[in-house]
Amino acid sequence: MLSKIAAALQLNLPFFDAPPAVKLGERSAWLDGRPVTYQLRRSKRKTIGFVIDEKGLTVTIPRWLTLKELETALQDKARWINLKLIEWQRFQELQLQSAIRWEHGGEIRFMGEALRLRLDPSVQGVQRQGHELAVGLQHKASTEQIRDRVHGWLQAQAKTHFAQRIDHYATLLGRAPTRWGLSSARTRWGSCGADGAVRLNWRLIHHQPDLIDYVIAHELAHLKELNHGPRFWKTVEQLFPAYQQARGRLREIREPSETLS
Ligand SMILES: [Zn+2]
């Protein structure tokens, strides 16, 4: 009897004790007054990682981390985590609201304005008529058919409009891109290569003319300064004086997820 207790006690001596395994997978914690569910994963790195995206919060921890250390790290980051989770939630709600219904009566955005889709088989191709976009299709056309037609129209508009604005800023700058084209990158609005080739995301055509101008001025300024240093921003300012405001607004639009290069 006594020896059994002694054996049990001995097993509890810290030296022999393996660190309690932190259970991976879905876990929850109380952070800054809010219950938060998260995914816990192991990582080979030596630091704790926090990622917040459409799946929520994912925490990656090094192998040796104890439950107590994990808890401390979570509490340290509690405010940031909650802030970012709320931001994501808002963004997802916004995206849901702005999801386009590809059907008769659906709405698209064109240079910052709302255009209502009108399916009308008597129309040739796609035609803008005031606040409507008339699409030459039957009412029973499929989502894909409607989307392809409208995307085609938007891309054609983008090509014409961007070409005019490139001309305008190239004249101001005294330099023109060697070539330019539309892109449909998910992560950038525009880019400018060392060879002077400019790419502009056709989805910019959804947004206000001044945002489009800012992106074009930004990319063209790279023809002089292929960096984001003070001289670069000075050049942008000469082309597009209200650039700071446009830059801020562009950052609020999350599709494509960021940015310019
Ligand atoms: Zn840039």
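The legends below describe close-up views of a predicted model.

**View 1. Confidence along the protein chain.** The mean pLDDT of the protein chain is 85, and 86% of its residues reach 70 or more. Among the elements of the chain, strand β8 (residues 132-135) has the highest mean pLDDT, at 98, and helix α1 (residues 2-11) has the lowest, at 42. The pLDDT is below 50 over residues 1-18; beyond near neighbours in sequence, this stretch has three contacts in the model. Residues 256-261 also stay under 50 in pLDDT, and for them the model has 30 contacts beyond four places in sequence.

**View 2. An open sheet of four strands.** The strands follow the order β1-β2-β4-β3, and their pairing is mixed. Strands β1 (25-31) and β3 (49-53) form the edges, each pairing on one side only. From one strand to the next, the twist averages 35 degrees. In general, the strands of a sheet pair through backbone hydrogen bonds, either parallel or antiparallel.

**View 3. The pairing of β3 with β4.** Strand β4 covers residues 56-62. It runs antiparallel to β3, and five bridges join the two strands. D53 stands opposite G56 in β4.

**View 4. Helix α2 on the sheet.** Helix α2 is formed by residues 67-76. The helix lies across β1, β2 (34-43), β3 and β4. Relative to β1, helix α2 runs at about 55 degrees.

**View 5. The surroundings of S43.** S43 lies in strand β2. Its side chain reaches the backbone nitrogen of R45 at 2.9 Å. Leaving aside residues up to four places away in sequence, S43 touches T60, I61, P62 and R63.

**View 6. The zinc site.** Three histidines coordinate the zinc ion through their NE2 atoms: H218, H222 and H228. The distances are 2.0 to 2.1 Å. Along the chain, the donors follow the spacing H-x3-H-x5-H. H218 belongs to helix α5 (residues 209-221), whereas H228 sits in the loop between α5 and α6 (230-239). These two residues are 10 residues apart.

View 7. H218 has a relative accessible area of 2%, so H218 counts as buried, the limit being under 20%. H228 has a relative accessibility of 44%.

Note on methods: Residues numbered from 1 in each chain as written. Predicted model: local features only at pLDDT ≥ 70, side-chain atom pairs only at ≥ 80, totals over all residues. Heavy atoms only, no water. Pairing = 2+ DSSP bridges. Axes fitted to C-alpha atoms, helices over the stretch in contact; angles between N-to-C directions. Contact = heavy atoms within 4.5 Å. Polar contact = N/O pair within 3.5 Å; in protein donor to acceptor, adjacent residues only side chain to side chain. Donors = N, O, S within 2.8 Å, 3.2 Å for Na, K, Ca; no water. Buried < 20%, exposed > 50% of the residue type's maximum accessible area, 1.4 Å probe, protein only. pLDDT = per-residue confidence, 0-100.
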